[in-house]
Amino acid sequence: MADIPRRRFLGGAVAAGLAGALLPATAAEAGTPSIAADGITLAAAADGTITVKDGAGVERIRLTGFMAKDSVTGIQRTTGGTPSLVTLPDGAQAIQVDYTLPAAAQGITVRGVFRVAPNRARLRWEVAGPATLIPAGFMLGRTVIAPTEPESFTALTRWNRDAGGGVPYETNAGVVYQETWAGTRGYFRLGGTTPAWTNATWIHAPGTAAAGGAVTEADLVLGSIRPAAGGTMGAGLPLGVEVWTDQPFSLWDGGGRPMALHAEVANGGGAARTVKLSWWARDFDGRTLGSGSVTGTVAAGSAWQQTFTVTSPSHGIVFTEVKATAGADSAFARTNLTVLPPHTYRAGRDSMFGIANYPWLLKPDAAAVVGLMRRIGIKRVRISYDGGPGLPPATLDAAGIEHNIELAGIPLGGTPAQVAAWADTNTQKAIGSRADYFEVANEVNKPWMSGETAAAYVRDGLRPVRERLTAAGAPTKVLNAGLAGMDYVWTKNFRDAGGWDLIDGFAFHPGRGNFTPDYAPPPEEWTQGNNGSYWNFLGSLRKAREVITDYGDKELWLTEAYACTKPNSWWHDTYRQAAENILLSLALAMAEGVSCVNWYQLHDSVLGKPQMADPANPEYHYGLMNRDTSAKPSMLAYATAAKVLDQATFTRRLTFADPDLKGLLFATPEGPVSILWSRKDGYLLNTDHEPGSGWFAAPEPWVDGWPTKTDVHVAAAGGPVRVLDCIGRERRLTPCDGKVKIRLDGAPRVYYGLTEHIDAR
């Protein structure tokens, strides 16, 4: 009975163009079936186990079997198999294993087909069976022989340029699990996987549906290469490029130092290629800091490394690209190099600067991530608890970083028992984490501006938490669930339900579309929807302050704030706009008396899919850092704001005779600080997009997007005037007759050394 669905399945696979139909072997099979190519040998044992040896004949890995999953029969593991040597339709030899399964499999069959290329094995498992198969749950079995390091996971990407222009972006190019031995490595490459489901025995290797069943394909690459090269070779791509540095986060401490940019180009084809490797490095103004090219020969299934060096500026960011070209084939990769000198922040617990989502991507390690947070001025983490993602409370305590907690899942409308169970569990978790503030859930105000859920939230979530905190005598303060946007309709219902008296601080998330942060339309003019003016920053802050004045004094918290850099999207920030808007957003928050701003988030990525590119998903693009953990200009802007506003107090808004010129004045330990900008080009960003389209050709981050420049002569306090741009680069102006000429545009700049009355008329 098992043979019928197998034949039916294999025939369907051929019809669908899947490489899997087999011809009889052309040679007699004697002893152990084996096949070999340069750098790799596969040999089958009598029980179907496949032994993988490297070019020196050293056994590295055993392929031990396969695990299928079915909604009726459940998990079905192979228990052995019969190997044979076969010839594929293209004439290549392969090892075929017809696996045995227990009777409980009820007709599910598994066949393995394994072939080789230089330094690479192509692995395929064909599963035939009922329509109840669950290919998403398939696993491949492997044993790694005497590894010198634990297995590691890397998400692979490929850089792309859109035919319509705009900035390049990454898309997924599969994943690899890396095995490591002294002097060499091995990579299991798959199209996709869930790392949390992989363990010491099984790799999660989801299948794709095919006629009569499903197919799982993977590749195994051996060699002294890096993960991206393993992915390129495993996929059989003509060329692939990876770039990296030896510095954590590609971050340097100061200027005048050699910054080494490493590149590895991989040849995944079947013949040697002559490859031209070219590179460039540009600063935030677009100046070329280094460039060049080199040519070499890369053998099939091999990789070639080169290092390019640029001298670090005293402060700032360097954008880099490396491109490989061989005939009509090309590939490229980008990363950013950053210079941020160390700085000691002194505000301590009074600091306004926090991070929203837990910093869960602990690469290269937790200590480095903590050091980076301290370097850029982060003094509070929104969510931390033992057993949760990211850094635990004890680690943050040791680093002098404060921590709160936010926990969701309130059973709105649930039974009294369900409500009590949620409140008991989560209040104890908040107390146990020693959180300063418990933010009780997140963004429960949906649909926006409807007022729904407010009363149920107070009844089933907030009040039970407050009662338990009080009963326990806990010092934990309470924040409401951070609202999506400044939803004053929900907030009124919340107040009417008694919620206002239960909180110590009012929390919301001032989302922002293609508006500058100082865009402040009156609430009665806010439009709704995903692209509505409801999503503005300063107007929302002012409305929140008005609500606090009317309802009773509370701390004001922005438990999420944003500068999303989804590529080539007019509704979101370009990389340069994000840096400008972060600096201005944080300055405006301090001017409006915000207690804490938790920026969302530390790095581009989505929890559960670590570093897997997701260009179409805005949620992926909120980080201060790129997917590869190099800095965006955003990270430098955050650090600049944290440094400038450390121990600062807001003095007043500056009002010039020209109403398009704007400014904020702060008192700091270094004297008065003015942050100045112009709105002669308006408050709307990316206005040149096509109507009805979400896409537009975003400029590169070194392109200044403000066409109108306004020169102004302002009074200096005496001595040179220091000017910082949004990423913290400094220049000095020398006064003439007690004044300096400054040039203003839409980008905010920081000025030290001006008088407190530069707006005097």
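Predicted model: local features only at pLDDT ≥ 70, side-chain atom pairs only at ≥ 80, totals over all residues.
Local features are reported only where pLDDT is at least 70 and side-chain atom pairs only at pLDDT 80 or more, while totals for chains, interfaces and linings use all residues. Residues are numbered from 1 along each chain as its sequence is written, and side-chain values use heavy atoms, with hydrogens and water left out.

The second largest pocket holds about 790 Å³ of space. A pocket is an open set of points on a 1 Å grid over the protein atoms alone, with protein on both sides within 12 Å along at least five of seven lines; a cavity is a set of points where a 1.4 Å probe fits but cannot get out, and lining residues have an atom within 4 Å of a point. Points are joined across faces, edges and corners, and a volume is the space filled by probe spheres set on them. The lining of this pocket has 34 residues, and those nearest its centre are Glu-443, Glu-560, Tyr-562, Glu-619 and Tyr-622. By class, the lining comprises 15 nonpolar, 11 polar and 8 charged residues (Ala, Val, Leu, Ile, Met, Phe, Trp, Tyr, Cys and Pro count as nonpolar, Asp, Glu, Lys and Arg as charged, and the others, Gly among them, as polar).

The whole structure has 2 cavities of 30 Å³ or more. The largest cavity has a volume of about 50 Å³. It is lined by 13 residues, with Lys-566, Asn-568, Asp-573, Thr-574 and Ala-698 closest to its centre. Its lining consists of 6 nonpolar, 5 polar and 2 charged residues. The second largest cavity contains about 30 Å³ of space. Its lining is formed by Phe-249, Leu-361, Lys-363, Val-369, Leu-372, Leu-602, His-603 and Met-625.

Phe-249 has a positive phi, near 65°, and is not a glycine. Phe-249 sits in the loop between β17 (240-244) and β18 (251-252); helices (H or I, at least four residues) and strands (E, at least two) are DSSP runs numbered from the N terminus. Lys-363 is joined to Pro-364 by a cis peptide bond with omega near 5°. Pro-364 belongs to the loop between β25 (353-355) and α3 (366-376). Another cis peptide bond runs from Lys-446 to Pro-447, with omega about 0°. Pro-447 is found in the loop between β29 (437-440) and α6.

Helix α6 (residues 454-472) packs against helix α5 (residues 416-432) at an angle of about 50°, and their axes are 9 Å apart. Axes are lines fitted to C-alpha atoms, for helices over the stretch in contact, and angles run from 0 to 180 degrees between N-to-C directions. The two helices α5 and α6 are therefore oblique to each other (angles under 35 degrees count as roughly parallel, over 145 as roughly antiparallel, 65 to 115 as roughly perpendicular and the rest as oblique). Residues in the contact (heavy atoms within 4.5 Å) include Trp-422 and Ile-431 of α5 and Pro-464 and Leu-469 of α6. By class, this contact of α5 with α6 has 9 nonpolar, 2 polar and 3 charged residues.

How are helices α7 and α8 placed? Helix α7 (residues 488-496) and helix α8 (residues 538-551) pack at about 20°, their axes 11 Å apart. Helices α7 and α8 are therefore roughly parallel to each other. Their contact is made by Tyr-488, Thr-491, Lys-492 and Arg-495 of α7 and by Lys-543, Val-547 and Tyr-551 of α8.
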